[in-house]
Amino acid sequence: MTHVTPGSESGNEHTVSTRVMELVVSAGFIAVSILVMWDSRRIGASWASDGPEAGYFPFYIALIMFLSSAVTFVSNIVTRAPDRSNFVQRSQLALVLRVLIPTAVFVVLIGYLGIYLSSALFIAFFMWWLGKYPVYKVIPVAVAVPLITFMMFEIWFLVPLPKGPIEAALGY
Amino acid sequence: MDAFISLIDGFAVLSDPMNIVYMFVGIILGVLIGVLPGLGGANGVAILLPLTFSMSPTSAIIMLSSIYWGALFGGAITSVLFNIPGEPWSVATTFDGHPMAQQGRAGEALTTAFTGSFIGAFVAVLVLTFLAPIIANFALRFGPAEFFAVYLLTFCSFVGMGRESPFKVLAAMMLGFSLAAVGIDSVTGQLRLTFGSVELLRGFDFLIAVIGLFGIGEILLTMEEGLAFRGKSASINMKIVLETWKKLPKFWLTALRGSLVGCWLGITPGGATPASFMSYGLAKRFSRNGARFGKGEMEGVFAPETAAHAAGTSALLPMLTLGIPGSPTAAVLLGGLLIWGLQPGPLLFVEQKDFVWGLIASIYLGNVAGLIVVLTTVPLFAAILRIPFSIIAPIIIVICAIGAYTVHNALMDISVMLIFGVLGYVFKKLSYPLAPLVLALVLGDMAESSFRQAMLSSQGDLSIFWDNALVGTLVALSMIMLFWPLIALGLNAFRNRPPGRASETL
């Protein structure tokens, strides 16, 4: 579903049909099950002298997954009444991507900046970009939430969270 | 009467004032989690789990289970006032709860919902108190084959009772088992499905999956609906509460039916969501006002709430006695027990009496406390819901990220959580069920090792699974559950009636 440009303003709300998504997802299941069966065969999925081998259980698990997904896949191809309804409306997808993309950036940032600074940036960006809040409302929330988190985790419960250069400069 | 004496001992555990404090903190946090989109019983408890590692197991489980009760109560608030079910099991509550709020009877609807929850939980905890010791005692004689048969029954029940396509239930469940197999095989020490990656050695922790599937996935789904919440305001005062309570006794049969449906579906892992729909459907069929259901009928709020709460509570019964959780939240609590070094199962009732009975006693008290808390704080939580989504959403995402990180102090887990979030969103939209996936991920290792132990002791002879009456009955029941969709189809054709259409609402 990534081939749709987010935020496009055209009146066409169609993206992909539910049927196509059903096919894609069940094909995904089939691919995973083949991968699991292949790897289980590699380490041994049969019966050794001392009992079942390590791949025995996962192999049959994957076999059931393969068969049940194959039924879903085939029934979506041969059905007489295919579900042509829209999987997600274009405007809805745009909204979902507007959350998903900043969140992905946030997750990457945590590794570099630590969780506190990146949370502050993430909340500020989200409120400013999606909520259209003025700066004087954005700053207090964006500062308070990481600060409360810091107090709670690092000081009260003594659970260390990922920290970055700023915290290091402050001596944590 | 042994159970009764043990229960009194359990209340003695609660005499520690700190435990009462933890209970109230848990309930308030739980209601908050229940009303916020993206945070629910399962992932809320998963996120808060690491914070309890420094507490004693008894205090910790009291707080975490109180969060669960709070979340069960909280789901009703959003359903009634905003027509947004905060939890899947409160979907049925919106049918009559929101129309009541639109007619200005929000206080009445909420009181009905809370009282229903309370009654359902009370019946379920009575069942728990008297049935749990018996089942635990019985299960002490279980061998690996019997345990595997119980696992089999659990998973086959998902197929038989699920509202989704049985093939999707199976696919989702087997994905859970496959994810559980990733990492080091506990029997032979071989590496499975790691493909040479060091990060995959640890395997997939179900807590990460729960936070992603239920947390991030839910946020994405909520986002689709747009950013605006438009809700009704509510005030509850003593007068409304008393007037509502005067009307409720005539629905005693509805409450009883709801509680029994809930207990049954909670113990067999149908869960709270189907229980609430089934109870609503039954109430609609048997009520004299059945035709007016959906337009703001008190009974239509009462029925699903009793069942949901009864199911939520009785889901703890198989978790404590057999080590098999009946719902994703019970699975997270089970994860907690394992981390504190307590092995759930029949021996828990012998070795950790204080812990078990302290927990059961806390359910009694927790529900009374929960009822008081929700009846007095509704306006406060309704106000929290008025905070715009564009402020709440990033904060919830940050909380989920922290929760995912603290499980293993691994940065990689935050990315895994995000991937599970996208999966959760797509699966929800295509109605692949998430509960069997999560339970398979939790129980995968245990189910596999009991299967392999049984196979070892029988030298690979599958007939061990119908060797004695007990294991044979369990396996037979499992097969009935597994093929229930086919059996139901056959029965319907036999009666020459169109197939049931009960499963179109969710």
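Modeller: Let's start with helix 2 of chain A and helix 8 of chain B, which are roughly antiparallel to each other. Keep in mind as we go that this is a predicted model. Where does "antiparallel" come from? The two helices pack at an angle of about 150 degrees, and angles over 145 count as roughly antiparallel. Their axes are 8 Å apart. You'll see that pair of numbers again, because two packed helices are described by the angle between their axes and the distance between the axes. As for handedness, helix 2 of chain A passes helix 8 of chain B in a left-handed crossing.

Now zoom in on the residues that do the touching. From helix 2 of chain A you get Pro58(A), Ile61(A), Ala62(A), Ile64(A), Met65(A), Ser68(A), Ser69(A), Val71(A) and Thr72(A). Facing them from helix 8 of chain B, which covers residues 166-181, are Phe167(B), Lys168(B), Leu170(B), Ala171(B), Met174(B), Leu175(B), Phe177(B), Ser178(B) and Ala181(B). Sort the residues of this contact by class and you find 13 nonpolar, 4 polar and 1 charged.

Okay, step back to the whole contact between the chains. It takes 49 residues from chain A and 48 residues from chain B.

What does chain A look like as a whole? Chain A has 6 helices and 2 strands, and from the N terminus on they run α-β-β-α-α-α-α-α. Its C-alpha trace spans about 60 × 60 × 20 Å along the principal axes. A compact globule of 172 residues would have a radius of gyration near 16 Å, but chain A has 24 Å.

There's a record to set beside this, too. An unreviewed UniProt entry lists residues 20-38, 58-78, 99-129 and 135-159 of chain A under "transmembrane region". Residues 99-129 of chain A are 97% helix, with end C-alpha atoms 11 Å apart. Residues 135-159 of chain A are 88% helix, and there the end C-alpha atoms are 32 Å apart.

The axes of helix 11 and helix 12 of chain B come within 9 Å and cross at roughly 150 degrees. That makes helix 11 of chain B roughly antiparallel to helix 12 of chain B, and the crossing is right-handed. Among the residues that meet here are Gly258(B), Val261(B) and Gly262(B) from helix 11 of chain B and Ala275(B), Met278(B) and Ser279(B) from helix 12 of chain B. By class, this contact divides into 8 nonpolar, 5 polar and 1 charged.

Note on methods: Residues are numbered from 1 along each chain as its sequence is written. Chains are lettered from A and ligands numbered from 1 in the order in which they are written. This is a predicted model: local features need pLDDT of at least 70, side-chain atom pairs count only at pLDDT 80 or more; totals for chains, interfaces and linings use all residues. Two residues are in contact if their C-beta atoms, placed from the backbone, lie within 7 Å. Axes are lines fitted to C-alpha atoms, for helices over the stretch in contact, and angles run from 0 to 180 degrees between N-to-C directions. Helices (H or I, at least four residues) and strands (E, at least two) are DSSP runs, numbered from the N terminus. Angles under 35 degrees count as roughly parallel, over 145 as roughly antiparallel, 65 to 115 as roughly perpendicular and the rest as oblique. A crossing is left-handed if the near helix is turned anticlockwise from the far one by less than a right angle, and right-handed if clockwise. Ala, Val, Leu, Ile, Met, Phe, Trp, Tyr, Cys and Pro count as nonpolar, Asp, Glu, Lys and Arg as charged, and the others, Gly among them, as polar. UniProt positions are given in the numbering used here, feature names are shortened, and annotations may be inferred rather than shown by experiment. The radius of gyration is taken over C-alpha atoms; the globule rule is 2.2 Å times the number of residues to the power 0.38.
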